[in-house]
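We will go from stop to stop, with something to select at each one.

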Amino acid sequence: PLGIPNIRFKIEMTLQKELTAKGLDKVTYLFSSNTSSPLQPIAQVASGGEISRVMLSLKAMMSKVAGLPTIIFDEIDVGVSGRVAEQMAHIMRELGDGDHQVICITHLPQIAATADHHFLIRKKAEGTSVRTDVEMLDEAASVEELARLLGGANVTERVMESAKELKELAKCER
């Protein structure tokens, strides 16, 4: 469902001879996105979008097994768009409808539209420090923020209508 139909993934663990600051085990994530390529370290061969999808899958599986009450996805959608973004949103939605609270920081409207609540986060430099403000958005402000994600600086009436429609579609897909 995440757009990598021929994925192969393997976790390789080897025991180090000596204990280091990183532990005794060396863990390597091996990956191939097609049948003609051998498994190789994911950091060397996977695109940003492929890594995002693998990370979402791993976190979703591990959170179910570990019974984690809260899962935070910080820009897990890097390198994806369109249908794959929708599928990622559905996975996060299912987690949130289950036994988990899902917090997702995203810039993709397909993912943001599926949320029950929206917060706007602003960072402001003040001297040598940075201040972060978090504001919970009501329905109207939520649509405006989705429109900004869709249209950038030029939010027209059509873009606003698209944002409303995107939210409605996300509700219907539940």
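Start by selecting Arg93, Asp97 and Asp116, which a network of salt bridges links together (a salt bridge here is a side-chain nitrogen of Lys or Arg within 4 Å of a carboxyl oxygen of Asp or Glu). Before going further, note that this is a predicted model, in which local features need pLDDT of at least 70 and side-chain atom pairs count only at pLDDT 80 or more, while totals for chains, interfaces and linings use all residues. Residues are numbered from 1 along each chain as its sequence is written, and side-chain values use heavy atoms, with hydrogens and water left out.

**Stop 1: helix 3**

Zoom in on aspartate 97 and arginine 93, whose closest N and O atoms are 2.8 Å apart. Both belong to helix 3 (residues 82–97), and because they are four residues apart, about one helical turn separates them. (Buried means under 20% relative accessible area, exposed over 50%, and partly exposed in between, with a 1.4 Å probe and protein chains only.)

**Stop 2: the hairpin**

Next, select residues 118–126 and 129–137, which are strands 6 and 7, paired in the antiparallel sense over nine bridges (pairing requires at least two DSSP bridges between the strands). Two residues lie between these strands in the hairpin, and glycine 127 in the turn has a positive phi of about 70°. Show phenylalanine 119 and you will find methionine 136 of strand 7 opposite. Aspartate 133 and lysine 124 form a salt bridge, with 3.3 Å between the closest N and O atoms. Aspartate 133 is buried at 19%; lysine 124 is partly exposed at 39%.

**Stop 3: helix 6**

Now select residues 157–172, helix 6. Colour its buried residues: Val159, Met160, Ala163, Leu166, Lys167 and Ala170. They cover an arc of only 115° around the axis, so they lie on the same side of helix 6 (the arc is that of the directions from the helix axis to the C-beta atoms). These buried residues pack against helix 4 (109–112), strand 6 and helix 5 (139–151), where contact means heavy atoms within 4.5 Å. Turn to the face away from the buried side for the exposed Glu157, Arg158 and Cys172.

Finish with lysine 164 and glutamate 161, joined by a salt bridge at 3.6 Å, N to O.

Notes:
The expected span of a helix is 1.5 Å times one less than its number of residues.
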